[in-house]
Structures are given as C-alpha cells and as structure tokens.
Amino acid sequence: MFERFTSDARAVVHGAVEHAERVGSRSVGAEHLLLALLDREASRASFALASLGLADRKEPVRAALADARRRAGLSQAEADALAGLGIDVSDIVSRVEEVHGVGAMSGDRQDRGRLSGRRPFGRDAKEVLERCLRIAVAHRDRRIGDEHLLLALAARPGVPSEVLADQGVTYEALSRVLYGEGEGEAKAG
C-alpha cells in the first residue's frame with residue numbers, strides 16, 4: 001500500500017513514527033498521525049486545515065491530544081460519559097500521577113529511552129491507513145495523499161476526530177474544501 005503514497009503522505013507516516021518515539025510510545029497511534037499532519041506545510045492537508053482556520057489554532061489541538069494521552073487515550077466524550085456515572089476521570093488521573101508521576105496513564109515509557117526495533121502501528125493507526133485507501137479509491141484518486149490521511153482521521157471515531165471537530169474540522173468540511181462535496185455525500189468505509 002505504501003507504494004501508492006505520495007511523498008507528503010510518506011512524510012506524515014515518518015513524522016508519526018518520530019512523534020511516537022519522542023514521547024516514548026510503544027506504538028504509533030492515530031494521534032501521532034494527526035500530530036505529524038499538523039507539522040506539514042505546503043501540502044493538500046495543510047491547505048485544507050488552513051482553509052478551515054486551523055493554521056493559527058494548532059496548539060489547542062496539540063494540547064487536547066496531550067490531555068487525552070494523559071487520560072489513557074479516553075476522549076473527552078468518554079470522560080464526560082463516565083462523569084455521568086459519577087466517575088471523575090480527572091481525579092483518577094491526578095491520583096495516579098501523584099503516585100507514579102505525570103503521564104503515568106499514557107502508556108508511554110517512563111525512561112523515554114529508545115526501544116529497539118521498529119515501532120509497530122497500533123490498531124487505530126492501522127484503521128486510519130486502511131480507511132485512507134478506501135477514501136482515495138472512492139474519490140478515484142490514483143495516489144494516497146496526506147489529505148486522505150486527514151479525511152480518514154476525521155471520519156474515524158476517536159480522539160483525533162473529536163479534537164478536530166472541536167476546532168470545526170469535520171469530515172464533511174474537509175470534503176467540501178478538498179473535493180467540493182456537499183453535506184449529503186457519504187463517508188468512504
């Protein structure tokens with residue numbers, strides 16, 4: 001599949017691996033793909049993000065992803081649902097971090113040392129990669145670009161799509177910017 005990736009899409013995948021290594025994550029997740037997309041400039045995905053006003057609001061996205069990582073990957077919607085059951089996720093995170101240190105629930109390595117070998121892609125990141133292929137095929141695009149990765153992240157339920165939606169970046173808005181599609185178009189995959 002990677003042979004169909006444009007140089008921009010490959011750069012995003014490599015950037016995601018670097019983000020995972022930087023925080024000591026054992027695997028590359030969907031949030032690492034989004035962080036790598038935020039780093040890109042002069043690509044179709046960066047154009048789409050800028051068109052939707054995210055060019056000047058990247059830091060709140062990064063902060064929201066870091067908060068979700070501290071909550072062991074729970075989205076804000078999941079934390080809110082647990083709060084409805086009387087479970088205060090922020091309190092749990094605080095208590096765990098008091099005993100084990102900041103970021104203890106993130107699953108990141110405490111020593112931040114290098115892991116030997118290649119970082120595997122987590123299930124969520126694999127799903128994004130599979131979905132971006134389906135999106136490219138649905139649009140009859142011969143190559144998979146970083147815009148397809150961005151669309152796949154926005155289409156897949158989870159922390160990255162929630163964080164993007166909080167900033168007004170939805171699958172529908174991205175499709176409109178990238179392909180001129182209306183609200184009634186179906187999501188691929």
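1. Arg62 is partly exposed in this predicted model, with a relative accessibility of 23%. Arg62 forms a salt bridge with Asp39, and the closest N and O atoms of the two are 3.0 Å apart. The bridge links distant parts of the chain, since Arg62 sits in helix H4 (residues 58-70) and Asp39 in helix H2, 23 residues apart. Asp39 is partly exposed as well, at 40% relative accessibility.

2. Arg156 pairs with Glu127 in a salt bridge whose closest N and O atoms are 2.8 Å apart. Arg156 is in the loop between helix H8 (146-155) and helix H9 (159-166), while Glu127 belongs to helix H7 (residues 123-138), so this bridge ties together parts that are 29 residues apart in sequence. Arg156 has a relative accessible area of 16% and is therefore buried, the cut-off being under 20%. Glu127, at 32%, counts as partly exposed. As for shared partners, salt bridges join Asp39, Glu59 and Arg62 into one network.

3. Arg40 makes a salt bridge with Asp8, with 2.5 Å between the closest N and O atoms. Arg40 lies in the loop between helix H2 (30-39) and helix H3 (44-51), and Asp8 lies in helix H1 (residues 7-23); the pair therefore ties together parts that are 32 residues apart in sequence. Asp8 is partly exposed, with a relative accessible area of 22%.

4. On the total: the structure holds five salt bridges. Among them are Arg62 with Asp39, Arg156 with Glu127 and Arg40 with Asp8.

Definitions and conventions: Residues numbered from 1 in each chain as written. Predicted model: local features only at pLDDT ≥ 70, side-chain atom pairs only at ≥ 80, totals over all residues. Heavy atoms only, no water. Salt bridge = Lys/Arg side-chain N within 4 Å of Asp/Glu carboxyl O. Helix = DSSP H or I, 4+ residues; strand = E, 2+ residues; numbered from the N terminus. Buried < 20%, exposed > 50% of the residue type's maximum accessible area, 1.4 Å probe, protein only.
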